[in-house]
Amino acid sequence: MMHFNPLLDVLNKLLERSELKIADYAQAIRDARKLLGENFRAGGEILELLQQHAEFIDKLLQHLWENSKISSNRATLIAVGGYGRRELHPASDIDLMVLLTETPGEECRERLSAFITLLWDIGLDVGHSVRTLDECLEEAQRDLTVITNLIEARYLSGNDSLFMRLQAAIAPERMWSSHEFFLAKLEEQQKRHLKFGDTSHRVEPNLKEGRGGLRDIQTIGWVTLREYGTFSLQELYEKRLLEYDEFETLRAGRELLWRIRFALHELAKRKEDRLLFDYQRNLAHTFGHTDDTDNAAVEAFMQRYYRTITELERLSEMLMGIFRQKILTLHPPPPEMLGEWYQKRGNLISVNSPDVFVLYPTALLEMFLLLQMTPGVTGLTPDTIRLIRHNLHRIDAGFRQQSRHRQLFIQILRQPKGITFVMRLMNRYGILAAYIPAFANIVGRMQYDLFHMYTVDEHTLFVVRNLRRYSTALGAQELPFCAEVFNTLRNPELLYLAGLFHDIAKGRKGDHSELGAKDAFVFCREHGLNLHDASLVGWLVRNHLLMSLTAQRKDISDPAVVQEFAEHVASQSRLDGLFLLTIADIRGTNPTLWNGWKQALLHELYHATRNLLRNRTAISHESTLLIEEKRHAALEQLLQEGFRERDCQSLWERFGSDYHLLHSVESVIWHTRHILRQGGENPTVIQIRRTLSGSSNVIFVYARDRDDLFTRVLSSMEQLNLNVVQARIVSTTDSHDLYTLHVLGPANQVITSPSELQQIADTLQANLEREKPCRPVHRKPRILRHFNVVTRIIFSQQAEKGLTLMEINAGDMPGLLSRLGEAMDGLGIRVHNARINTLGEQAQDIFYITTRSGERITDEAQQDVIRKTLEKALKD
C-alpha cells in the first residue's frame with residue numbers, strides 16, 4: 001500500500017484555481033518532478049517514488065480527460081507500458097491507449113486529437129494508440145508487443161465496462177496461451193540479447209535492454225503474469241519458484257537498476273537508458289563513489305553495476321529455465337543416469353539429488369567436464385544452477401589444493417570441444433572466481449577508456465574463445481595462417497592458460513603483466529605442469545603486449561627492430577604462442593580494433609622473426625643482403641617493363657641506402673615506375689593502390705621539398721577522413737620528398753570505389769597547389785569529450801641513423817596530425833618517418849625527426865621548446 005504522496009499536493013493546489021492555462025499545468029508538472037528529484041536525492045524508497053510519479057500523472061490525466069468532452073460511454077483511457085505498471089521514471093514516456101466502442105466520427109477524432117495535443121503542450125512525452133475493441137483484439141492476436149502492453153494495462157478513466165471486456169477477451173484461454181506467450185517471449189529475449197551484443201558488459205551498457213537488465217526482469221514479470229495472473233516478484237517466492245535469498249537478490253538488483261535509471265534521467269534531462277561516458281562520473285558520485293584518482297570512482301561504480309547485472313543474469317537464466325520446465329514440459333522424458341552423481345534430463349544435465357555437492361564437492365568442477373563430454377547437452381537444469389549458487393563456498397583453499405580437482409581443471413582445458421562454452425558457464429555461475437581467487441577481482445571490472453570494450457572478465461573469455469577458434473573450421477576460414485600455426489602447438493592448453501591469466505592482475509597496484517605472470521606460473525606448477533611449460537605460460541603473460549607494441553609502434557622494416565624483438569623472444573615456441581595470443585587479444589578487446597593492416601603488420605613481424613630465429617644471421621650482414629636482394633628483384637621487373645638500369649640506379653642513389661630497407665620490392669617498383677614515367681626536373685607524382693595482401697590502401701606522393709609539405713599531405717588525409725596507419729618519408733639528395741602512406745577508410749576499411757580513389761588524388765593535388773595548406777575543421781565526437789588524456793612527449797636518439805625519435809601520447813582529436821604538422825613546420829622540424837596509431841581515446845604517434853638542416857635534436861632546452869609548442873598546438 002502506497003504512503004502519502006507529496007506530489008498530489010502540487011496537483012491539488014493547481015486544481016484549486018478557478019481558471020487554468022497550459023502554462024499552469026506545465027509548471028505544475030515541473031514542480032512535481034522537481035520535488036520527486038529532491039525526494040530521490042534525500043534517499044526516498046525508489047519503488048514508492050516511481051509509483052508517486054505514476055499516481056500524480058494518473059490524477060492529472062483523469063482531470064484532463066473529464067474536461068475533454070470525450071464521451072465516457074464510448075471511450076476508455078488506459079495506461080500501458082511502464083506507466084501501466086506504475087514504474088514511471090522522471091523522463092519516461094507516458095504510454096496511453098484510448099479504447100473505443102466503435103470507429104470514431106469526425107467530432108470524436110477532433111476531441112481526441114485536441115486531448116493528445118494538450119498533453120504534449122503541457123510537457124508530457126506521450127506515446128499513444130487509438131483503437132476500437134475489435135481492432136485492439138485483432139492487433140493483440142498477431143502482435144506480441146501489443147498483447148504484452150495489454151496484459152499489464154491499467155484503467156484510468158472512461159467506460160470501465162469496456163476495459164473489463166478487453167481484459168476478459170485477452171485472457172490466456174482466449175488468446176496467447178501461457179505456452180505460446182512464453183515461447184514468443186523466449187525468442188524475443190534471445191533476439192534482443194543478440195542485438196545488444198549478447199553481453200551486458202560493454203563499457204557503455206544499456207541497463208534496460210542488455211542481458212540481466214530491466215527488460216529481462218520485466219520478461220520474468222510478464223511470464224509470471226500470464227501463467228499466474230500477477231506481475232509481482234513476491235508471487236514467485238510464494239509459489240516456491242524462488243528461494244527467499246534469490247527473491248531478495250532479484251528485488252535489490254531491480255531497485256539498484258531503477259535508482260541508476262532515475263539518476264540517469266535526472267542527469268540527461270531526458271529519457272536515457274545507456275550508461276554513457278557522459279554520465280558515468282556523475283553517477284558514481286551520486287552513488288557514493290567520490291575518489292576520482294585514476295578514475296577509481298567510475299570504475300568502482302561500474303563494477304558494482306556489472307556485478308549486479310551478472311547476478312540478475314544468473315537468476316534470469318535460472319527462472320526462464322524453471323518456466324520452461326513448468327510451462328512447456330508437460331511430459332518430461334525419464335532421466336538418463338550419467339554415472340553415480342548425475343543424470344541427463346532431455347538436453348540438460350542435473351545432479352541426481354539436492355545433497356550431491358555436500359557429499360561429493362568434486363561435482364562442482366566435474367559436471368563441467370561432463371558437459372563437454374556428453375553429446376547433445378546444452379546446459380544445466382535450473383535446480384542444479386541453484387544448487388551451485390548455494391554451494392560455491394565449498395570451493396575453498398582445501399578444495400583448490402586437492403590433486404583431483406587440479407587434474408579436472410586441466411582436463412577441461414584439454415578437451416577437443418566445449419572449452420569456451422563451459423568457461424562462460426563457470427564464470428556466470430561463479431565457479432571461476434571461486435576456483436581462481438585472483439579472477440574474482442576482475443569480474444565486472446571495467447577500464448574507463450575507449451580501448452577496452454568489455455569488462456576484464458568478459459574480455460578474458462573472448463580471448464580464450466578466439467584462441468580456441470583457431471582449431472575450428474570457421475577459425476581456419478577466418479584466419480588460415482593462425483590456424484596453421486595453432487596446429488603446430490604441442491600443448492594448446494598452455495595457450496588457453498596464458499589467455500586466462502593475461503589480464504588477471506588488472507586493477508591491482510603494479511604492472512599487471514608482471515603480477516599476472518607470477519600468478520600464472522604458480523597456478524601452472526600447482527596444476528602439475530613441468531617447469532618448461534609453466535615458464536612458457538608465465539613468459540606469454542608477462543610479454544603479451546610486446547608483439548603488438550613492436551608491430552604498431554616501431555618500424556619493423558628496420559632489421560635492428562626485428563633483431564631486438566627476436567632476441568627477446570628467443571624461441572619458435574614463444575613466437576608462435578605470442579603471435580596467436582596477440583591476435584586473440586586484439587580481437588577480443590574491441591571489435592573495431594582489428595583490421596587487415598594490423599594483421600599484415602603482425603604477419604610481417606612474425607615471418608621476419610621466424611627467419612631470424614632460423615638463420616641467426618648477423619644484423620649488418622642481413623641488411624646488406626636484403627638491400628641487394630630487393631634491388632635485383634625490382635630491377636628485374638623494371639627492365640622487363642622497358643626502363644633503363646642506369647635511370648633506376650640513379651634514382652635509388654638519390655633515395656639513400658635506407659630506402660630499400662623501408663619499402664617492399666613492390667613499392668620500389670611502383671615508386672620507380674611512376675617517377676621515371678613522369679620525368680621532368682620537378683615532377684609531382686600522386687598514386688594510389690592497394691597492398692598485395694589487401695590490408696590497406698597505399699598512397700605515394702613525390703614532390704619538391706617545401707617547409708609545409710608534411711602538413712599539406714597529412715591535412716589532406718584528415719580532410720578526406722582517412723585513417724593514416726603508417727607514414728614513411730624519404731628525402732632525396734636533390735631536394736624531393738617521397739611520402740608513402742598506408743591508409744584506411746573512415747570505418748577502417750580498404751577503399752575500393754574508383755570515384756573515392758580519384759577524389760583522394762584530386763584533393764591531394766589541389767592541396768599541394770594551393771597557396772596555404774588546408775586545415776580541416778571537425779567537431780569533436782561526443783565520446784572523446786569525457787577523456788582528459790595528458791599529453792606526453794618523449795625524445796630518444798637513434799645516433800646510428802642520425803635521427804631523433806619523438807613519441808607523442810595525447811588525447812585523440814579531430815585534426816590532430818595537421819595541428820602537429822603545422823607546429824613542426826613552424827619549429828623547422830623535418831619528419832623522416834612516422835608511425836601513426838590510435839588506441840581508443842589515445843593517439844600514440846612516433847615521429848623520426850631532424851632539424852631542417854638534417855641534424856639530430858639532442859639539446860634538452862630545444863626539446864623543451866618543441867614539447868611546449870606541440871602541447872599548446874594540441875590545446876588550442
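Helices (H or I, at least four residues) and strands (E, at least two) are DSSP runs, numbered from the N terminus.

**Entry: basis of the values**

I note that this is a predicted model, in which local features need pLDDT of at least 70 and side-chain atom pairs count only at pLDDT 80 or more, while totals for chains, interfaces and linings use all residues. Residues are numbered from 1 along each chain as its sequence is written, and side-chain values use heavy atoms, with hydrogens and water left out. For the protein I found an average pLDDT of 89, and 95% of the residues score at least 70.

**Entry: sheet with E1 to E4**

I traced an open sheet of four strands in the order E3-E2-E1-E4, with mixed pairing. Two strands count as paired if DSSP finds at least two bridges between them. Strand E3 (126-132) and strand E4 (154-158) are the edge strands, each pairing on one side only. From one strand to the next, the twist averages 25 degrees. Axes are lines fitted to C-alpha atoms, for helices over the stretch in contact, and angles run from 0 to 180 degrees between N-to-C directions.

I then followed strand E2 (residues 94-100), which pairs with E3 in the parallel sense over seven bridges. Val98 has Val130 in E3 as its bridge partner. Helix H5 (residues 106-121) packs on this sheet and touches strand E1 (75-79), E2 and E3; contact means heavy atoms within 4.5 Å. The direction of H5 makes about 165 degrees with that of E3.

**Entry: sheet with E5 to E8**

I found an open sheet of four strands with the order E5-E6-E7-E8 and mixed pairing. Its edge strands are strand E5 (336-338) and strand E8 (379-380). E5 pairs with strand E6 (residues 342-345) in the antiparallel sense over three bridges. Leu338 stands opposite Tyr342 in E6.

**Entry: cavities**

On a 1 Å grid over the protein atoms alone, a cavity is a set of points where a 1.4 Å probe fits but cannot get out, and lining residues have an atom within 4 Å of a point. Grid points are joined across faces, edges and corners, and a volume is the space filled by probe spheres set on the points.

The largest cavity has a volume of about 100 Å³. Of its 15 lining residues, Phe710, Tyr739, Arg830, Val831 and Arg852 are the closest to its centre. Elements giving two or more residues to this lining include helix H37 (709-719) and strand E12 (736-744).

The second largest cavity holds about 70 Å³ of space. I list its lining as Arg314, Leu315, Met318, Ile385, Arg389 and Tyr429. Helix H14 (296-328) and helix H17 (382-391) each give two or more residues to it, and the largest share, three residues, comes from H14.

Notes:
1 Å grid on protein atoms, 1.4 Å probe; cavity = no way out; pocket = protein on both sides within 12 Å on 5 of 7 lines; lining within 4 Å. pLDDT = per-residue confidence, 0-100.
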